[in-house]
Amino acid sequence: MGDKNGQVVAGGNGNGNRLDQLNYPINVLIDKETDSLIICDRWNRRVVRWSRHSGTTQGEILIDNIKCCGLAMDDQRYLYISDTDKHEVRRYQIGDKNGTIVAGGNGKGAGLNKLNSPTYIFVDQQQTVYVSDRDNHRVMKWNKGAKEGIVVAGGQGQGKALTQLSYPHGLFVDTLGTIYVADTVNDRVMGWPKGAEQGTVIVGGNGEGAGANQFNDPWGLSFDQHGNLYVVDNRNHRVQRFSIE
């Protein structure tokens, strides 16, 4: 802590498709087992792994031909990746390039067995997959082995009512089953208790803007171990931290 300058740990050689380059990296997770970064290298249509050991100069391709957006890893080290072109989420063992469909995979649509541009995902300890189903303006829950999902937030069309979402992205589910979702076009983060018919505004919801209580296209979100909420405030070019009770 206290660093004023960041350190390049992947890419940094201009945008391109060489193994030492990235092109619009949109998501990353840390694989502690191998001490490496797994990166969604979106415009290169691939998922790559970069070792965190010093001296690393390039990554390796884990999966290609995928318009990836969301990334998650479960306790068994299965990798989950959303594909916004194929409207599906697949689960992969590291080293497996084909994977298994765990959500969607039935073409683009609004049926319970379909997704429409799935973005961020969250996987719990039961391997339940939660998906921000962006262009359907809802969050879906797919239980392990399910053939269709359950709407757990939104799903009432695009809008700003407490029952609605507008192009949701970042997603987190706590141990009580409360869903936290970046409601991007509504410039707010919503919380949906398990089984609730509507959400509550956790932060934002004060119109688009650059104030401390405002967002302009919030995308990613995460929590630290102290319960602080971090939000990637996309068009304000900043990350905001909130203490929420």
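The C-alpha centres of domain 1 and domain 2 sit 23 Å apart, with the bounds of both taken from an automatic or database domain assignment. Domain 1 runs over 8–65 and domain 2 over 70–243. Where the two meet, 18 residues of domain 1 are in contact with 17 residues of domain 2, contact being heavy atoms within 4.5 Å.

All of this comes from a predicted model, in which local features need pLDDT of at least 70, side-chain atom pairs count only at pLDDT 80 or more, and totals for chains, interfaces and linings use all residues. Residues are numbered from 1 along each chain as its sequence is written, and side-chain values use heavy atoms, leaving out hydrogens and water.

As for secondary structure, the protein chain has 19 strands and zero helices, going by DSSP runs numbered from the N terminus (strands are E, at least two residues; helices are H or I, at least four). The radius of gyration of the chain is 18 Å, close to the 18 Å that the globule rule gives for 245 residues, so the chain is as compact as a globular protein of that length. That radius is taken over C-alpha atoms, and the rule is 2.2 Å times the number of residues to the power 0.38. Along the principal axes, the C-alpha atoms fill a box of roughly 50 × 45 × 30 Å.

Turning to burial, 50% of the 245 residues are buried, that is, under 20% relative accessible area with a 1.4 Å probe, protein chains only. Among contacts between residues at least 6 apart in sequence, 37% join residues at least 24 apart.
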